[in-house]
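Reader: I'm new to reading protein models, and I'd like to know how the labels get decided. Could you go through some with me?

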Number of protein chains: 4
Amino acid sequence: MTSGKASVLSRFNAPLETHSFPVPGEVEPGAILVRTEMAGICGTDVHLWKGELPITLPVILGHETVGTIEQLGRGVDYDWTGEELRVGERITWNSAISCGRCFYCADKHQPTRCPQRRAYGIGYRCDEPPHFLGGYAEMHYLRPGTTTFKLPDDLPTEAVIGAGCALITAIHGVERTGIAWRDTVVVQGAGPVGIAALAVARSAGASRVILIGAPKHRLEMAKRFGADEVIDIDSVREPADRIRAVRDCTAGYGADVVLECVGHPSAVVEGMEMCRDGGKYLVLGHYCNAGTVAFNPHVITRKQLQVFGSWSSEPRHLKYAIEFLRSTQQQFPFASMVTHRFGIEQANEALQTTASLRAAKAVIIPAKRR
Amino acid sequence: MTSGKASVLSRFNAPLETHSFPVPGEVEPGAILVRTEMAGICGTDVHLWKGELPITLPVILGHETVGTIEQLGRGVDYDWTGEELRVGERITWNSAISCGRCFYCADKHQPTRCPQRRAYGIGYRCDEPPHFLGGYAEMHYLRPGTTTFKLPDDLPTEAVIGAGCALITAIHGVERTGIAWRDTVVVQGAGPVGIAALAVARSAGASRVILIGAPKHRLEMAKRFGADEVIDIDSVREPADRIRAVRDCTAGYGADVVLECVGHPSAVVEGMEMCRDGGKYLVLGHYCNAGTVAFNPHVITRKQLQVFGSWSSEPRHLKYAIEFLRSTQQQFPFASMVTHRFGIEQANEALQTTASLRAAKAVIIPAKRR
Amino acid sequence: MTSGKASVLSRFNAPLETHSFPVPGEVEPGAILVRTEMAGICGTDVHLWKGELPITLPVILGHETVGTIEQLGRGVDYDWTGEELRVGERITWNSAISCGRCFYCADKHQPTRCPQRRAYGIGYRCDEPPHFLGGYAEMHYLRPGTTTFKLPDDLPTEAVIGAGCALITAIHGVERTGIAWRDTVVVQGAGPVGIAALAVARSAGASRVILIGAPKHRLEMAKRFGADEVIDIDSVREPADRIRAVRDCTAGYGADVVLECVGHPSAVVEGMEMCRDGGKYLVLGHYCNAGTVAFNPHVITRKQLQVFGSWSSEPRHLKYAIEFLRSTQQQFPFASMVTHRFGIEQANEALQTTASLRAAKAVIIPAKRR
Amino acid sequence: MTSGKASVLSRFNAPLETHSFPVPGEVEPGAILVRTEMAGICGTDVHLWKGELPITLPVILGHETVGTIEQLGRGVDYDWTGEELRVGERITWNSAISCGRCFYCADKHQPTRCPQRRAYGIGYRCDEPPHFLGGYAEMHYLRPGTTTFKLPDDLPTEAVIGAGCALITAIHGVERTGIAWRDTVVVQGAGPVGIAALAVARSAGASRVILIGAPKHRLEMAKRFGADEVIDIDSVREPADRIRAVRDCTAGYGADVVLECVGHPSAVVEGMEMCRDGGKYLVLGHYCNAGTVAFNPHVITRKQLQVFGSWSSEPRHLKYAIEFLRSTQQQFPFASMVTHRFGIEQANEALQTTASLRAAKAVIIPAKRR
């Protein structure tokens, strides 16, 4: 193969265009060339397409990807966990790499805040070689230092992409927050991050998980993932009523831990009232700047809260995610979240399906024909 | 003594009135009768006087008090640390008592959120026996269960009242937040809580403490208490400039820990920007409901912050405070904070001096004559 | 009923004797009179019977008990969680009470080390009223301050006694140690504490739990409780081989967390080698003084370990246990651990069955006839 | 300079020999060539010389070194904190480098247990280029990846070497253990690590630090470094008496935190008895395998202890150390610990002075003439 197709974002809010780029003949030492098997459409891709985040075009979107190895650069013998890598094997990888040496990486052990991070599908232009630095394409180039993970044979690609970056984001967020054994947990939001946070909380020792969101098909999915209660925001429309509903489930006190996976500032004000005094609150859904809300800091002092933020994830979270997905497929059917499949030339439809919230998860399968 | 004078808050915003109440002849088992030596005027007293907190009148204000034991009820042989108590000895005590058995006390180890807490000088009417349940009075009645502390001879009463409830509030807040050895710390606020937080941070391993506030005489005091830098908000009037000033002191990153001791909601928005990514923020100054501010939760996610609230304090914090005050009198001259002294009949002047921010600390000394 | 039977330990190593004691006519304020439904035989009871712990005789053994309320003292209206109590209802309780006010209770938040603790079935003589202060008896007197828990209707008594004090001990121990989500865990010991630790670890987020012990019937039970691997010490007889077996299951590194539930000092030396570097080790099985072992502290420095001890449990652990037992009966069949049932006059047989390790759990059912 | 002198350990227990090695003409990219200004003699060097640790000879000893830059390899523009590096500047560095990518570095955040670590002065043969990989030499070669720190002008070299690896070891150990504000702390051991642990504890919020050790001149130094009490093991010869002495200083309970900096196994057994129940114990002194001691694990369960190990240190600890040394020179006079100075050809005397415990700290100054 000397050239490969890619779906390119050239202008914000305009349709993606299918382009062909030359495939590198021989990869540099440390790099890997991958044939894309499946790429997930993340809600962030919709924000990127709308121009809501500061990126430089043109870009091949897609930061949740599985593929098979076409070519291994010199010196790439093992994946991040020490498994041997060979041509033809199926892998996934972290979309961003931290430097490992800077103030945030080495001094403060906060590698997700490394200033050198750039993410595949977001931070690389595609009009310069090696071009293939995003998931919506037939090929994917992995630069030296990319942290890769060989996928076990008994783990379907659809489970990995169905979980997507939502799962590793949730794993990191819950890790930072800490769920104590038998804590009661509220998840705000029924999107991919909310469902993933539910699965992590459920398996991390929570005694009871209450999920708040919409629409109905997502609440049904939340029940399949083990939610003890769901609160439908289309039915319980007033924040005060939702707060009361949570308290009614928690002996009047509120939950030990509340995980915000919504992204609307008003959810934060509402969610803190769902915490018991001395409880914990995770602000996980605010990757984008969604503006301000009228907030009263008195609630943090008076309720003696702990509030946590969490940004992106580290390689180890992807390692845990893969092993978790493999061993809990019955309990947490992430593969079933992939509801819509598109070929490389249907990338616009895929984006729009995601934007409309019709899909649980839409994906691009480059080998797929209409 | 069969009757004692007290300064009574009978109507909000109206002058305090001096009343006489009968002194209990014999105290019940577990109780203690104390002759008040000195009572501090706390900023909260000003809020109470203005009717900004929901209390039932009439009340004798004053929740920071030192006195000498007049009468010990049956069964009160020891103070909270196990020191023997005798008539004539000088003690202080926690203004509120937790039940030790409820959900917050025993299950969640958050005794400051015990719903049974009522504070001397705030939560007790004075028109019923035993009347003397606040500090602005010649006598003070300590109900059974009050946690008392015998004061060491080499610790002046003025140091205890100069530190006041600000110190134990700061101790609890810093404990909840955690200052790592050699952390850089910003204190927002130069009031009693800010100065106390500075002293605690300074002695808890901070490598550098930057205090932001006003007016000048308070910043001078901050320097005496060991602030490495002070930023005068009367000179540096723009939040953006203050944020830049903090970053300039911290290699461009922001501080590891920022302690809010102001009570204005806008300070919270400003202060979070003073944290480095992955840093910690304490909302300590918002005991009163001071309204809302336009707040963007994105900052918590993006900067991966930890935000803490802290309410009131536990008996152990008062124990640590007394021992701390005793052993660090040279380094942290809390006694020098007592700048204005009033007799019992001058309680209004004392309150107004505090309200005007003229005093570092105003106190009432019942035995004082004009 | 004016008198009740009890099985009394009057001399160490001698058979228990059945005595009759007068039942209190009216209980004091704060106390409760209970009719014993079932009492568990704990391994500690065997140690007590042999005189291996310093107690004063005569004693009615039994510190794991469920019964129904016969009489409620004045002022006892609610259980520890706030549920209303009524005559005829089924309850359990903590065997020991902490004072809530001492150095360990209130200053250091370590109430299990309160010096005032005395345990039912261990620390009370039975030759003085109210006599009934242990489980091997028809009646049980609960002194004022005892923390009680009303049992939900859908939780069988056998589950509560089958779990016994082993479960709350394990809950506290695992809480102190901390199991991170997806940690690999080794449990040393297949006795009641080992099985309980397995259940807690399993439900607290462990990705993999390896249990080491014997005999075969206990390892079978461990598998029913979800052990991923069991190592039979009757087959793998050399510590070095067991250490190797653990490393083979953990990519060569050792486990993240090792929980010692054995009580032989040599298990500690062996178990620390089963930890990965930087891992955690819980010494949970050493309630009795079982003597010394040749130990090299170099292992703690070199492997950079964290080692934890844990003593007894707090009321909140019993609260969590009851709720856990109720909601996980299918997954963790603690009721099935009750394999041997005895009447009050067969208490010796019950003890010997426990001493011989023949029973998973032996119990006394006072109402049972031969 | 085309050749440089070095003191070489060729045979265990035999005198060091002075050799000349060729100085590299041009260093490889990423490397640095340094002219040694001062090298500390560490107690570990004595163990190495005696052959008590498994190393391959010949070796140039010395892992605590300060020097000036002679030559900067391509790409080495900044030190670890981002300060620009130039020829002629004075620097120090970590003796070992972690890989940043392995299981321990990246997954478990325990980089000191990285299996790729090799330390200057310990783990490199000197009979192959670049030869100069230890401190007892005129030159020192820093391999690519070495984490360097430019020294501030107002920090004397003697303070850095006086503190040596003892200080960074203590910083890491105390960090892992955690000292809460106003904790009481016991330090076991008056050697360099004990004195450093005292300084760290003192500045980390301890209310009271008790140091136990000998001989007298070291206890005097401990007092200069702020010890509140010293216990002379040459006077108080029985462990039981020392335990009693500690309890007498701590209201009968024992200390909140005990830091073992001795290296004799018996110190661990003694030290755990010096902890209060629920207290913390750090095993810091056991870098070498000093054999076993009869140890009873019951103490860990019964006293509900937390025990920590800590191995070596990370680059950030050296960063904190330099800043700490610079800003606390009056309070903690580490420079005064350098009591004996030797030239490169007197390295044997330097080692023997250290072995005999006559010196607080012996150093080699290559430029020194007899």
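Reader: Where is C:Pro215 in chain C?

Author: This is a predicted model, by the way. C:Pro215 sits in the loop between β9 (208–213) and α5 (216–224) of chain C. The peptide bond running from C:Ala214 to C:Pro215 is cis, with omega near -5°.

Reader: Which bond joins A:Pro129 and A:Pro130?

Author: A cis peptide bond, with omega about 5°. As for its place, A:Pro130 lies in the loop between α2 and β6 (139–142) of chain A.

Reader: Why is A:Asn13 called partly exposed?

Author: Its relative accessible area is 48%. Buried would need a value under 20% and exposed one over 50%, so at 48% A:Asn13 counts as partly exposed. A:Asn13 is in the loop between β1 (3–8) and β2 (17–22) of chain A, and its phi is near 70°, a positive value in a residue other than glycine.

Reader: What makes C:Asn13 buried, exposed or partly exposed?

Author: Do the check again: the relative accessibility of C:Asn13 is 48%. Exposed starts over 50% and buried ends under 20%, so C:Asn13 is partly exposed. C:Asn13 also has a positive phi of about 70° although it is not a glycine.

Reader: What makes A:Lys108 and B:Asp256 a salt bridge?

Author: The N to O distance between their side chains is 3.3 Å. The cut-off is within 4 Å, for a side-chain nitrogen of Lys or Arg and a carboxyl oxygen of Asp or Glu, so the pair A:Lys108 and B:Asp256 qualifies. The count between chain A and chain B is four salt bridges.

Reader: How do you know that β14(A) and β15 of chain B pair?

Author: Pairing takes at least two bridges. β14(A) and β15 (residues 306–309) of chain B have three, in the antiparallel sense, so they pass. Within that pairing, A:Gln306 stands opposite B:Phe308 in β15(B).

Reader: How many residues of chain A are in contact with chain B, and what area do the two chains bury?

Author: 42 residues of chain A are in contact with 42 residues of chain B. Together the two chains bury about 3700 Å², 56% of it on carbon and sulfur atoms. There are also 31 residue pairs in polar contact across the interface of chain A and chain B. Elements giving two or more residues to chain A's side include α3 (157–177) and β12 (275–283). By class, that side of chain A has 18 nonpolar, 15 polar and nine charged residues.

Terms used:
Residues numbered from 1 in each chain as written. Chains lettered and ligands numbered in written order. Predicted model: local features only at pLDDT ≥ 70, side-chain atom pairs only at ≥ 80, totals over all residues. Heavy atoms only, no water. Contact = heavy atoms within 4.5 Å. Buried area = accessible area lost by both parts, 1.4 Å probe. Polar contact = N/O pair within 3.5 Å; in protein donor to acceptor, adjacent residues only side chain to side chain. Helix = DSSP H or I, 4+ residues; strand = E, 2+ residues; numbered from the N terminus. Nonpolar A, V, L, I, M, F, W, Y, C, P; charged D, E, K, R; others polar. Buried < 20%, exposed > 50% of the residue type's maximum accessible area, 1.4 Å probe, protein only.
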